[in-house]
Each structure stands twice: as structure tokens, then as C-alpha cells.
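Let's take a walk through a protein model, one feature at a time. Have the structure open as you read.

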Amino acid sequence: MIGGEMLNWSDLRPGDARPAAAGPAATAVLAAALRPDDAVLIAGPHAAELITAAVAQVASVDLLLRSAPDAEELAELLDDAKGQVFCGSLDRWLVDETYDVIVALDGLERLVGPDTASFPWVEALDRLRERLRPGGRLLLGATNSFGFERLIQPDITAGIPRDEDWGRSVGDRAPAGLKPLLSVLGTSDLQTFAVFPSLVQADLALTTVDGFAGIAAARAVASRNDGPVLMDPYRVVLDAAAAGVAFELAPAWYFVIGAEAPPVLPEGVVPEGEGVLLEEHLLMALRCDDQAELRRVIPAYVAWLGAGGAGSPDNVILDGTSYRLFGEAQELDVVEHLQRFAKRALESGSRQPWPAAADPHALTARLAAMAGIAVQEQEFTPDEVVRPRGSAEQLTTVARLADELAHASARAILFEGTVSGIRRSLPYRVGHAVLNPARVIRRRLKRVLRKVRR
């Protein structure tokens, strides 16, 4: 114990706070930055599997934790490992130790407890840097206070005090935004990663968020936000990547100082090569009403499936006339693959060029018909209605449908006026007068013939 420890609090299993830093990207950055003869300090709450992975790679690992229960649990877990467990606040840690690597992937905010009235973020960073040996490496995480979460999901708990929201100065938190953070770090020997979907669930870390990397980031964010949302998470990240601002809007960042890591963590989650996601290509054709392109691509895609391909359009890369998987194979039949695309297209709020294809079954049947496949009719149920994913997309869809209805009503009024004008015209009345007697004679002849037959 070094002072400032929290006796009845756990960051590994919090009841009313976020859990410790974890994820495949965190494990991957450790594997890239650590060396066998390193002395390592892991500062702040990190998942047990992350700590054990570090212990297996280096000579010694020390831990600095504010939670007494966590310190006891990890001390037992690492009983056979070389290193020490310090329990308390960073501002009261006065032992004379230096390290080759300091790991703070959870950030710096949870290195002190409520007994510390004020401990600015910059001062906490300086304290850690003082512990680095010459040529040492620092692995630092920071949460983005204005990331995709602010656009996707309203923080309804912002006004509800939680156990971890004790009184702290605003300066105790990381600077808001990427540029202020880079300015504070103030070093050229720096590698920056955008982390998705969060520090506590770091599935992916990227040095650039564009192309296929943007798609991987969009999938990670969408997987974390599967409830009601303000905007479709998948589409928001893709649009931000296309605009070149996805890196600045990332939920969090890793800063690797003094070490080198691959541009994608973990490796292999972002495919290499040229091409475009098939789903995006088809959605663009739908928006532009390019039915010729749809009739060209859909049969080719179905032929690829028939030749052994196994991926829905959101999991397939189109490169000219060739197709390849983006991710794991999906064991579905052809119609199920098309149906998955139809549902995702409707969830995205994308414009459909066919008014009759407003439900997944109708849209699937129309797409399948382009490849010569007949989809059996099924009884309509309310569950088949697919609404756009986010509230913004729903409002956009309502506005678009209202506009289309207004145009249809205007055309109907114009048509009715045209018909009424024709009926009032002299040629129509003359023709009606000439043809009307003929109709009367025809009806009377039919009656006479019926009587004769009887």
C-alpha cells in the first residue's frame, strides 16, 4: 500500500463504472512493443488477460492499481511472476523505480481515487514519464470526449451521478480532441492509433481510417450500438471515413511513444488489395436508379455464389469482375444472401427505385429475378416491415416518402383534369353521341339472342 488506495472498489468488476481496458488490439500493441528483457510497469486498470499476456513476454511486470481488491486478486494471479503490485494513487507513489516500458492503455484518469483533490492529466503524464529509463517506451490510451458515440447514442446517464463520478477538476481529464493531445505529448517519436469501438473493448486499432479500414471500424462501432440510436452507426462511420474525419472522431486513441507497431492491430482484420465493398456498390446503384448496373452485377454475384462463394454483399469485395471474401464465410443460400442485403438496404434508409419493393421479401424477389431466380410468394406479416436503423434515417425516409406522395398526388390531379377536359371536348361528345345508340342496339340484340336460345 502506498496511500490513496480504494478499499471497497473494483475497476476489474465495477458495479457502476466502466470495466478495465481490454481487447484484441490492446493485446496486439503489447506484443508489438514489448521485448523479452523489458522491465514493465502496467499503470491503471487493465484486464487480467492483458496482464498475463505481458507477463509471458517480458522479464518483469510491476502493477500500479488504486483498487485494493484488484491488487489482491492480481497479486495471487501473478504469484509466480517476477514483479511487484503497488496499490494506491499515482500522486503518492514515491518508490524509486524506473522501467523500459510503461503501459497505460486505460488512460490516466483512473490512476487516482477520491482522496486526490486535484491531479491534472498533464502532471500525471509527467509522473509516468519520469519513471521511464532512457530510450524507454510509453503505451498510452485516451478516450475521445467528442467521438462517434456523441453522434450515435445520447448519453442519458450524463445527469445521473454514479459511484465513480466523485468531484474532480476538469483539468484532471485528458485534453479534448486529437490535436490538443498531440500538442501535450509533444514528441516526434510517436505513433497514433484510432481505437474502435472503445478503450475497454479495443477490437481494432488503426493508423488510418479509410477504405477497407473504414469498413472494419464501422462494423466495430455498429456491433457496440445495437439498440435504438440517433443515427445508423455503420453509415455514420463510413460517411466520416469518406469525408476524412473518422480518425478525429474515433472513440479513443492509442499513443505509442518510442516503439514501432504495425499499422493495423490486430493484423489481418483489414483486407489488402483493391476493390469496393459489394454492398456499397449496390446501394449506390439503388440510390442512382442505375438498374442496368444492378442487372449486370447481381447475376455475376449469384454466379460467384454458385461457384463456391460464401458471402453476403456486406462481406464481399468487388474488384472489377472478380469477387473475394471480406471476413469469414457465411453459410447461406443465394436467396438468403440477397435477403440479407435487402434488409440492410432498408435499414440504411437508402432510396429504393421501385415503390412496390418496400418490404424485404419484395425487394429480395426483385433482385433475385435479375439473376433468373423465382422467389416464392409468402404471406405478408407486420414483422416483415424493416424500418431505418437510426432516428435521423427514419425522419429522412418520412420526408422522402411525403415528397413522393405529394408528387404522386399532383400527377393524379393533373391526370384527372386532363380526363375531365377530354370529356368536355366537342370530339368526345360527338363520338359519345354516335357510339351510344350502337351500344343500346348491341345490348338489345344480346337479350333477343338469349331468349331465342332458351
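## The cavity

In this predicted model, the largest cavity is lined by Asp11, Gly44, Pro45, Leu64, Leu65, Arg66, Ser67, Asp70 and Arg110. Sorted by class, that lining has 3 nonpolar, 2 polar and 4 charged residues.

How much space lies in the largest cavity? About 30 Å³.

Now look for the strands. In general, strands of a sheet pair through backbone hydrogen bonds, either parallel or antiparallel. Here, 9 strands make an open sheet with mixed pairing, and the order is β3-β2-β1-β4-β5-β8-β6-β7-β9. At the edges you'll find β3 (85-87) and β9 (264-265), each pairing on one side only.

Leu138 stands opposite Ile257 of β8.

## Helices across the strands

Helix α6 (residues 178-185) lies across β5, β6 (190-198) and β8, and it runs at about 20° to β8. Helix α7 (residues 211-224) lies across β6 and β7 (201-206), at about 40° to β6.

Which way do α8 (residues 233-243) and α9 (residues 278-287) pack? Their angle is about 90°, and their axes are 14 Å apart. So α8 is roughly perpendicular to α9.

On the α8 side, Tyr234, Arg235 and Leu238 make the contact, while α9 brings Glu279, Glu280, Leu283 and Arg287. The residues of this contact divide into 3 nonpolar, no polar and 4 charged.

Terms used:
Residues are numbered from 1 along each chain as its sequence is written. This is a predicted model: local features need pLDDT of at least 70, side-chain atom pairs count only at pLDDT 80 or more; totals for chains, interfaces and linings use all residues. Side-chain values use heavy atoms; hydrogens and water are left out. On a 1 Å grid over the protein atoms alone, a cavity is a set of points where a 1.4 Å probe fits but cannot get out, and a pocket is an open set with protein on both sides within 12 Å along at least five of seven lines; lining residues have an atom within 4 Å of a point. Grid points are joined across faces, edges and corners, and a volume is the space filled by probe spheres set on the points. Ala, Val, Leu, Ile, Met, Phe, Trp, Tyr, Cys and Pro count as nonpolar, Asp, Glu, Lys and Arg as charged, and the others, Gly among them, as polar. Axes are lines fitted to C-alpha atoms, for helices over the stretch in contact, and angles run from 0 to 180 degrees between N-to-C directions. Helices (H or I, at least four residues) and strands (E, at least two) are DSSP runs, numbered from the N terminus. Angles under 35 degrees count as roughly parallel, over 145 as roughly antiparallel, 65 to 115 as roughly perpendicular and the rest as oblique. Contact means heavy atoms within 4.5 Å. Two strands pair if DSSP finds at least two bridges between them.
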